[in-house]
Amino acid sequence: MQNVPLLALFAGLVFLLVLSAFFAMAETGMMAINRYRLRALERTGHRGARLASELLHETDKLLSVLLAGNTLVNAAITMLVSVITIDLFGQERAVLGIATVAVAFLILVFAEITPKVIGARYPEQVALAASFALKPLVKSIGWMLWLANLFVRCLLWLMRVPTEVEPQRLSNEELRILVLESGQFMPKKHQSILVNLFDLEEITIEDIMTPRAQIEAIDLDASAETLLTKITTAYHTRLVAYRGELGNLAGILHLRKLMRLLREREFDRAGLADLVAEPYFVPSSTPVFAQLQYFQENRQRIALVVDEYGELQGLVTLEDIIEEIIGEFTTTAPMKSRIYAWDKDGSALVEGSSLLREINRKLGLALPLDGPKTLNGLILEHLRDIPDAGVALKIAAVAMEIVQTQDRVIKTVRLFRPPAADLARAA
């Protein structure tokens with residue numbers, strides 16, 4: 001290369017550094033690109049996405065071309081620096097040693113670290129742009145690397161390493177994290193709905209049901225006047241019907257059918273009993289997602305929840321499950337109208353019968369959910385006694401004070417907002 005001008009040698013060195021940087025950046029970008037985002041772009045007809053997808057379907061060929069190109073270019077850089085060094089300073093060993101260190105620094109900074117950081121930071125832009133150059137390159141010289149790939153496959157076979165790459169599969173928790181980290185790509189409400197859908201696999205009917213004590217029910221053995229008063233003041237269109245006591249269930253009464261009865265003849269208890277439909281029972285341990293499917297298959301909207309002994313525990317409706325997915329919506333039911341929020345002094349007055357999941361969601365707390373489902377049950381389990389009004393305690397970093405008790409039940413509790421650090425440790 002003695003006849004080649006020194007300026008041309010330096011220009012060649014710069015070109016080789018840029019080429020090496022391209023291979024390094026393309027390798028990182030192609031391996032780091034989001035496969036699901038790539039498929040979405042491919043479906044829109046994006047040409048770069050289609051080329052990148054085709055390249056990633058033949059990962060062995062792609063990596064062979066990238067690594068071979070990078071290796072050959074780096075070797076050429078080393079040789080070119082040696083030629084430039086000899087032309088400038090002769091064949092002094094010390095100078096050649098310094099040149100070796102210098103070329104290693106150049107390759108490391110300009111052809112490895114910097115381009116790979118850029119490729120990892122902007123994988124989509126890098127991969128889609130690089131695919132236009134890589135696709136013809138893989139087609140033109142890929143066959144030349146067939147022999148090397150043959151040796152690689154033999155080596156992998158000897159090491160018992162599978163050559164076929166299994167498709168990526170995401171667990172529920174991985175999908176949940178993916179949704180939580182995609183805030184910039186979807187509205188907050190849509191993100192919340194998707195996260196709630198994942199939770200349906202983990203929670204049971206017992207977590208969302210209306211407790212037995214809060215069920216709006218009607219006693220078929222009551223007087224006609226009492227029945228009419230109860231019906232005309234009911235908050236729901238479907239009422240649980242029983243005889244004498246709530247444990248002696250008769251079924252579900254739909255008030256629309258009752259309106260038809262009143263139009264045809266005068267109100268009477270015998271006619272009312274004929275309108276009661278057979279109750280639909282579900283175990284309290286049924287997963288919420290499974291119950292949603294059961295509602296659909298059985299064409300039901302309301303179910304009575306029983307424990308392992310068949311005792312009535314509560315009531316669950318299709319509305320309860322829908323609210324668990326999309327959040328609360330307008331309703332006239334008094335139990336649903338309670339909105340928990342912190343007062344200016346950092347406290348919140350909560351009923352003891354409130355569900356812990358609802359309290360955690362509304363107030364941003366981390367009260368334990370693996371035991372009792374209501375605040376009353378949690379406090380009783382913690383104290384192992386029925387407390388008097390004025391008793392203070394702390395559970396999961398949340399200070400609380402018993403405000404009112406009645407009939408061996410905690411009616412009202414005042415919660416105090418914990419510091420963020422304490423809440424994080426409790427969670």
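I began with the surface, where Leu155, Trp157, Leu158, Met159 and Val161 form a nonpolar patch with about 570 Å² of accessible area together. Such patches take residues with over 30% relative accessible area and no salt bridge, nonpolar side chains being joined within 5 Å and like charges within 9 Å; a salt bridge is a side-chain nitrogen of Lys or Arg within 4 Å of a carboxyl oxygen of Asp or Glu. The areas come from the Shrake-Rupley method with a 1.4 Å probe.

I kept in mind that this is a predicted model, in which local features need pLDDT of at least 70 and side-chain atom pairs count only at pLDDT 80 or more, while totals for chains, interfaces and linings use all residues. Residues are numbered from 1 along each chain, and side-chain values use heavy atoms, without hydrogens and water.

I placed methionine 159 in the loop between α7 (146–158) and α8 (172–180), helices being DSSP runs of H or I of at least four residues and strands runs of E of at least two. Methionine 159 counts as exposed because its relative accessibility is 52%, the cut-offs being over 50% for exposed and under 20% for buried, with partly exposed in between.

I then found arginine 408 in the loop between β10 (398–406) and β11 (409–416), and it counts as exposed because its relative accessibility is 70%.

Last, I traced an open sheet of three strands in the order β2-β3-β4, with mixed pairing, where pairing requires at least two DSSP bridges between two strands. Its edge strands are β2 (217–219) and β4 (245–254).

Technical notes:
Buried < 20%, exposed > 50% of the residue type's maximum accessible area, 1.4 Å probe, protein only.
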